[in-house]
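Open the model in your viewer and keep the selection tool at hand.

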Amino acid sequence: STPTKEYTPHEEHVFGDGGLTDNWNLFQILRREEVERFVIVTASSVPLNMSYDAAERPPTEQDIDSMVSSAFGLDPQALDNSFHYRENHVFATYQFVELMDKLIDAAEQGTGILARMDCEVVDNAHYGIKGGRTVEVLFVYLGRVFEWEERLPADLREELFEPVRDTSALKPRDGDTKYPMFPNIPLFPLDMPAEQANLLANLQGWVVRNNSDMFIDFLS
């Protein structure tokens with residue numbers, strides 16, 4: 001049929017799923033001012049860079065998932081606009097150094113990459129968030145867990161991981177392994193073999209059980 005009205009240009013929009021702005025539902029949580037503590041789990045394809053010193057320079061996309069850094073007003077993707085994280089500043093920027101120090105210390109201990117923080121909330125007009133208060137956050141970041149690795153059969157451990165205690169040292173995609181980039185598996189393609197899914201479940205389950213006292217204390 002022939003349109004009855006002439007086309008009128010409208011404002012441009014970006015079309016995509018929610019991950020273009022937020023994979024945590026963090027902003028919805030912070031709008032509920034009665035919520036004082038919560039857990040954030042980041043299952044990212046970006047491994048934690050244990051050699052990064054946040055006190056020395058701003059983060060890049062190779063240091064930590066930019067969804068984490070953008071929450072503190074540090075968005076390394078702001079210039080190329082691959083994701084729309086420019087409006088995600090909700091925590092005080094100066095606390096990013098403390099968070100990175102805690103995550104890297106936890107990674108070095110090898111029992112799970114976790115950090116408990118009292119985060120200062122800042123005003124964010126874009127998402128309707130009121131600052132001037134503090135929330136308690138338990139950050140959980142997906143990555144290599146060296147104590148868990150030591151409990152694996154030697155042949156599986158050799159296939160999964162490089163023989164160094166470095167969360168950035170992952171088996172390459174073009175290597176001779178069924179588990180490239182494990183555990184920071186690329187998000188695409190989305191089809192994950194059962195072996196990888198079971199290993200990820202076992203890894204994160206071990207992290208929670210091994211740090212059960214921390215989770216119980218935090219959530220009680």
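Start at the N terminus: from there on, the elements run α-β-α-α-β-β-α-α-α-α. That comes to 7 helices and 3 strands. Helices (H or I, at least four residues) and strands (E, at least two) are DSSP runs, numbered from the N terminus.

This is a predicted model, where local features need pLDDT of at least 70, side-chain atom pairs count only at pLDDT 80 or more, and totals for chains, interfaces and linings use all residues. Residues are numbered from 1 along each chain as its sequence is written, and side-chain values use heavy atoms, with hydrogens and water left out.

Color by burial next. Of the 220 residues, 43% count as buried. Buried means under 20% relative accessible area, exposed over 50%, and partly exposed in between (1.4 Å probe, protein chains only).

**The largest pocket**

Select Ser45, Ile185, Pro186, Leu187 and Phe188. Of the 35 residues that line the largest pocket, these are the closest to its centre. Its volume is about 920 Å³. A pocket is an open set of points on a 1 Å grid over the protein atoms alone, with protein on both sides within 12 Å along at least five of seven lines; a cavity is a set where a 1.4 Å probe fits but cannot get out; lining residues have an atom within 4 Å of a point. Grid points are joined across faces, edges and corners, and a volume is the space filled by probe spheres set on the points.

Now show β1 (37-42), α2 (66-71) and α6 (194-210): each gives two or more residues to the lining of the largest pocket. By class, this lining has 22 nonpolar, 8 polar and 5 charged residues. Here Ala, Val, Leu, Ile, Met, Phe, Trp, Tyr, Cys and Pro count as nonpolar, Asp, Glu, Lys and Arg as charged, and the others, Gly among them, as polar.

**The second largest pocket**

Move to α4 (146-150) and α5 (154-160), which each supply at least two lining residues. α4 gives the largest share, 3 residues. The volume is about 150 Å³. What classes make up the lining of this second largest pocket? It divides into 4 nonpolar, no polar and 7 charged residues. Among them are Arg144, Glu149, Arg157 and Arg165.

**The cavity**

Select Asp22, Trp24, Leu26, Phe27, Met67, Ser70, Ala71 and Asn88, which line the largest cavity. Its volume is about 30 Å³. α2 gives the most to this lining, with 3 residues.

**Last stop**

Finish on Leu219, in helix α7 (residues 212-219). Leu219 is exposed, with a relative accessible area of 55%.
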